[in-house]
Protein chains: 2
Amino acid sequence: LSPGSPPNKKKSAITVIVGDRKLLERGAQVAKVKLDKLNVMTRAKRSVFQPGAVNLIQVKAPAPREVKAGEPDAKTGRAAMAFLEKATELALLNEVDAIVTAPISKAAINNAGFYFTGHTEYFARRTNTAKYAMCFYADKIRVALVTDHIPLRKVHSKAKLARVIRTAALLDEFIRDLEGKRPFLAITGVNPHAGEDGLLGVEEVTEIAPAAEACRKQGIKVEGPVSAEMAFINHLAGKYDGVVAMFHDQGLLPLKVLAPFKTVNVTLGLPFIRTSVGHGAANDIAGKGIAKVESLHNAVALAVKLAKKKWRE
Amino acid sequence: LSPGSPPNKKKSAITVIVGDRKLLERGAQVAKVKLDKLNVMTRAKRSVFQPGAVNLIQVKAPAPREVKAGEPDAKTGRAAMAFLEKATELALLNEVDAIVTAPISKAAINNAGFYFTGHTEYFARRTNTAKYAMCFYADKIRVALVTDHIPLRKVHSKAKLARVIRTAALLDEFIRDLEGKRPFLAITGVNPHAGEDGLLGVEEVTEIAPAAEACRKQGIKVEGPVSAEMAFINHLAGKYDGVVAMFHDQGLLPLKVLAPFKTVNVTLGLPFIRTSVGHGAANDIAGKGIAKVESLHNAVALAVKLAKKKWRE
């Protein structure tokens, strides 16, 4: 996936790109990356591990002259959906251990006629996974979201007891898998200052405190409801090993300001490993060869780490 | 206000504490601060400016033996309210230019029989100010909140066009006063990714985009709706001079994780200057002499700066 990187001495993982050869070649040219050893296949099992080799599973896409960098449309949305569908098939058929996704234009996919609110929801539906959670990982921060891509006005009716417990359980399992320790998690409130004892909202009393109690009974070490600011300040200070946050901006803003280009997005609960860059498509700089690759590198590294853990067990 | 600091060579501002002598003396002992030149008065105009001098306006309070550090109750809530009321009177009567508030126990004040959701709302009601905004200031960050201490479920029905415009206008004026320049402001969305073109919510289309347009017509330089993460990332990068955020956690989390103990809270729109520490009462460390004073120092410094600007005009 990163042919520009120095070749690894030690065999780490075989990576396969799912996409289109001509578009990949154009991208490589822009990014000044050589594609000498392009191995085009129809099945992932034909992949090779060799310094400088790039494995590609070819999926039909529009011709490069029809694709303008930074201007996604129904055509490119349809192609992105085909790449995604192919990668999901490979994972469901166990031809690959993990999927790492690059940013995508949701608008283009919707223009192509698919209802698409995000990769996470797509993978959950496509794999019949009802109990999943969007999780973010960067430096020392681990956050799982109880609700994700929904309008703010719906948050209070979705951040319910069962979903809070489920999200805490998924984050607990993720950190145990990854770091081999029983984590101590903070569960945030929905309202400012975690509701300030009922003065600024009731969900902390009716949903979140009972959920925290239920987690403790299940053996998950949690504290909550904690105000979002104290949850993150104390997570950064090492008191908590992770934060269960109630909604998108509450969980993501601390990460985005502290590690804007490093964050990795992980979907917990799927039948396969899935990581992703933590940023959007940045159409304004597409095709200029100046995109930062750190988040994608970190997403690949985390997928490799999780896959190795899985096989070691 | 900070007798432990080195004496200022240059006369900067006269500070007056509104509180109780015996409790202040007990606090000074814990903090190892000398109170040699305590000037106890009933009117602020009798204040002195002298290195090491501490001016105090005495207000009735419970005896120290009745007050346990870190255990606020109805008695101390009543006293806190009396201090606050006295300070507000001094400001309304123009005996002082600014009020700087320390953290307070909202629960204790409510136990004392007052309905109290926060200093900000108290000052707004007490001064008949309908159009105010809670604003935060730390290092390079300036944020004003369209909604503040309300339950999350009410945010979408309160973050309306008129309130967005008013908050942007107050932040614009504040930055112009303070920094002498016309700022460029980001206005965030209510929903994740600023609603993603209507896919994740409608308030960006129905309220926020028209508010941004109205701001520009009034000569306020704004961009919006911008997703909260991009608003803060680009504010930190210098593109925006301030952020108009829609709700408490959205506006505060970036500040809290970047500058947890430096943040100053300012109420915009009041008839007098009011700044405050940006943190809570931290009852768990009360009376131990280990509280960080940076936020209070910054709050005093900002109040002095704003008062000087006002008198220079």
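Where in chain A is A:P192 found? In this predicted model, whose local features need pLDDT of at least 70 and whose side-chain atom pairs count only at pLDDT 80 or more, while totals for chains, interfaces and linings use all residues, side-chain values rest on heavy atoms, with hydrogens and water left out. Residues are numbered from 1 along each chain as its sequence is written, and chains are lettered from A and ligands numbered from 1 in the order in which they are written.

A:P192 is found in the loop between β7 (184-188) and α7 (203-217) of chain A; helices (H or I, at least four residues) and strands (E, at least two) are DSSP runs, numbered from the N terminus. With a relative accessible area of 5%, A:P192 is buried (under 20%, where exposed is over 50% and partly exposed lies in between; 1.4 Å probe, protein chains only). Setting aside neighbours within four places in sequence, A:P192 has among its contacts A:L200, B:H149 and B:H248 (contact means heavy atoms within 4.5 Å).

Turning to chain B, eight strands form an open sheet with mixed pairing, in the order β4-β11-β10-β5-β6-β9-β7-β8; strands pair if DSSP finds at least two bridges between them. At the edges stand β4 (98-101) and β8 (221-226) of chain B, each pairing on one side only. Four bridges join β4(B) to β11(B) (residues 273-277), and these two strands run parallel. Here B:A98 stands opposite B:I273.

Helix α7 (residues 203-217) of chain B lies across β7 (184-188) and β8 of chain B, running at about 170° to β8(B) (axes are lines fitted to C-alpha atoms, for helices over the stretch in contact, with angles from 0 to 180 degrees between N-to-C directions).
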